[in-house]
Amino acid sequence: MAYIEVRNLKRVYEMGKGLQVGALQGVNFNIEEGNFISVVGTSGSGKSTLLNILGGLDWGYTGDILIEGKDIKEYDPNYYRRYIVGTVFQQFYLIPSLSVEENILLPIKFQKRKGKEISERLDYLIDMVGLNDRRKHLPKELSGGQAQRVAIARAMIDSPRIILADEPTGNLDSKTGMAILKLLEELNRVEKVTILLVTHDKEIAKFTEEVITLVDGKNV
Amino acid sequence: MVKMFKYALNLVLRRKLRTVLTSLGIMIAVMLMSFILFGMTDLKSALLSELTTRFKPQELYVSGQDSMSFGGMVNAPTKEGKVKEERILTNELREEIEGIDGVISVEPLLFVNGLELFLEGDDIPYPSKVVAASDLPGTHHMYKEFYGKKEILESNDIFVSKFVVSFFETTDEDILGKKILAKSSSSGMFLSSSSKSMIDKEYEFTVVGVVDTANDAFWINNDTALDILVDLGGYSSPEEYISNIGYFQLYVDTKDGKTKEIERYIDEDLGLFVISSETILGFVDTLTAGLTLSLILFGSISALVASIGIINTMIMSIYEQTKEIGIIKAIGASNLQVLIIFLIQSALIGLFGGILGLSITFLIMKVLDPFVVETLAQQGFLDISQFFHFQLGNALIIALSSILVGILAGIYPSMKAAKLDPVKALRYE
């Protein structure tokens, strides 16, 4: 049994006046635990739709997604988004009025967890992403690469088992992008977290252990 | 919850100017409501307390003319009232009223106008040129307080009010035994409708008591007043004066349970103008109720406008924070948590308006209170040392109400925010 099993995954959008668009048309793949996988495809291939579904943001799909044999629909959606997956976005999506520390701790605001455990985890992650000297800085005081590091640390704060990264290097120059990929690789190695990286760039995909290619809503 | 509160506070503080402007509506509503709670209640009780001390339910005030309004007509004018002829309150009428079943006593009231009143050793006359006359004792409840040597006015005795004591910058004790010189003056001629002629004359009185009255500054007894009126008016006798001019008012004391019946008889059968204590108290009640209602109405309208303002601001916030809502949902915030965050924001706007309104009201009260107390004292309400009473309990109720208004106004926008689709929210530009 694979760690993540995606079976006949379909997502159809109703566009009004009876028009339907099939963003995903029967996607199937397996991912083993701790793998670093990339999903590659051109614009409109269904990459973002797949990521939204795996990230627990879109539940209007058909087919099955199993994690360790358990259908993700059996999870409470909020629990799933907190502890099963952590998402890193291309646009970073940091809260402008919150500091680096506060942005990383943002998911904790919606939980009852508190205390030493969290502060140790925060220190560890800030150290890992190399932002010790930027803890109190606001997002506007950070470079793109630093902002993405904050987003990665935020995704990791709850120690999720899977990290979904949506074009994490898309807004960065190649050097900074490479540094981010190395950071993700380090996370994958050290934290044993399974990473699913979505990209349109085949060069970036080469960085990962396995590549899933999507074309017109199907994996080929 | 504390974490969510801090986050909501952060969101509100990000929009300081808008928060302040939105909370202005709540602030105005709170100010109006505060004035009702901290001022109107006391005004009503002060007025009623003052009037119930002076006027008893079984008392009637009878006049031959429609001149007994209190700052305006007590009752709405009627055509019937208009055709009511003015009558002279003669001794015959007085005796007739005395003979009505249930009447305990009838005390005539007179006014002598146009006298300049000087205190012994002082050159400046008292501003009022009116001397009232009645045979009621100084301890009668019409005078709220009495301080003096004699309770009953004899010839050439005079009671003065606390106003007079205050005007002549003396004390209740010091003024007793002093002389009051009353001089008729030519200017008084225009004030006195009861004089046929006016020749400069002087009358001397001795102060025997200090009374606390709402209106009149000097009181002498009826016989003395009649002698002066006869003297000033050129009448041959008190009887002639009463036959021609009549008493100013008759103060009628009745037995309990008979007052209404007697009031109706005097009004309808005798054709006189009559006011009962009940009418006066009812008038005060109506007046204060009207004022309270107006303030409540304006307060409610302000609260409604403020609510619309909060709804508008919160909906604007949703548009501004759409992406942020998407982010927090994507990292695990539930719909309920988003709802709570927005409700906390609107409650904070309400609370801010409440605190702002209460603070400003508190300051206004502090500044205005001495002026209101002084004004009331000038109108005879001498017992009121503080008009506005800022009560912490009521302030708390107002603050909680403003939070409630904020929450109610925030329900729709909060639900709207909670229902946002995270995928669409993240794509929102």
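Q: Which residues form the covered face of strand β7 (residues 179-184) of chain B, and which the uncovered one?
A: B:Ile180, B:Ala182 and B:Ser184 lie on the covered face of the strand, while B:Lys179, B:Leu181 and B:Lys183 lie on the uncovered one. The model is a predicted one, in which local features need pLDDT of at least 70 and side-chain atom pairs count only at pLDDT 80 or more, while totals for chains, interfaces and linings use all residues. Residues are numbered from 1 along each chain as its sequence is written, and chains are lettered from A and ligands numbered from 1 in the order in which they are written.

Q: What makes β7(B) a partner of strand β3 (residues 115-119) of chain B?
A: Strands are DSSP runs of E, at least two residues long, and helices are runs of H or I of at least four, both numbered from the N terminus. Two strands pair if DSSP finds at least two bridges between them. β3(B) and β7(B) are joined by five bridges and run antiparallel, and therefore they meet the definition of a pair. One of these bridges sets B:Leu115 against B:Ser184.

Q: How many bridges connect β7(B) with strand β8 (residues 202-211) of chain B?
A: Five bridges connect β7(B) with β8(B), and the pairing is antiparallel. Within β8(B), B:Glu204 is the bridge partner of B:Leu181, a residue of the uncovered face of β7(B).

Q: Why are β6 (85-88) and β10 (218-219) of chain A called edge strands?
A: The open sheet in chain A has six strands in the order β6-β7-β8-β3-β9-β10, with mixed pairing. β6(A) and β10(A) each have a single partner strand, so one side of each is left without a neighbour in the sheet.

Q: Why does A:Phe92 count as buried?
A: A residue is buried if 20 or more other C-beta atoms, placed from the backbone, lie within 10 Å of its own, exposed if 12 or fewer do, and partly exposed in between. A:Phe92 has 22 C-beta neighbours inside 10 Å and therefore counts as buried. A:Phe92 lies in the loop between β6 and α3 (100-105) of chain A and has a positive phi of about 70° although it is not a glycine.

Q: Buried or exposed: which word applies to B:Glu169, and why?
A: B:Glu169 is exposed, because 9 other C-beta atoms lie within 10 Å. B:Glu169 sits in the loop between α5 (162-167) and α6 (172-175) of chain B, and its phi is positive, about 50°, although it is not a glycine.

Q: How is A:Thr199 classed, and why?
A: With 25 other C-beta atoms within 10 Å, A:Thr199 is buried. A:Thr199 belongs to strand β8 (residues 194-199) of chain A.

Q: What is A:Thr199 in contact with, leaving aside its neighbours within four places in sequence?
A: Two residues are in contact if their C-beta atoms, placed from the backbone, lie within 7 Å. With those neighbours left aside, A:Thr199 is in contact with A:Ser38, A:Val40, A:Glu167, A:Ile204 and A:Ala205.

Q: Which members of the largest nonpolar core touch the most other members?
A: A nonpolar core is a set of buried Ala, Val, Leu, Ile, Met, Phe, Trp, Tyr and Cys residues joined through C-beta atoms within 7 Å. Of the 108 residues in the largest core, A:Ala151, A:Ala153, A:Ile163, A:Ile195 and A:Leu196 touch the most other members. Helix α11 of chain B gives the most to this core, with 12 residues. Another core, of 60 residues, lies apart from it and includes B:Val112 and B:Phe205.

Q: What makes up the contact between chain A and chain B?
A: Chain A gives 16 residues and chain B gives 17 residues. Helix α2 (residues 77-84) of chain A supplies the largest share of the chain A side, three residues.
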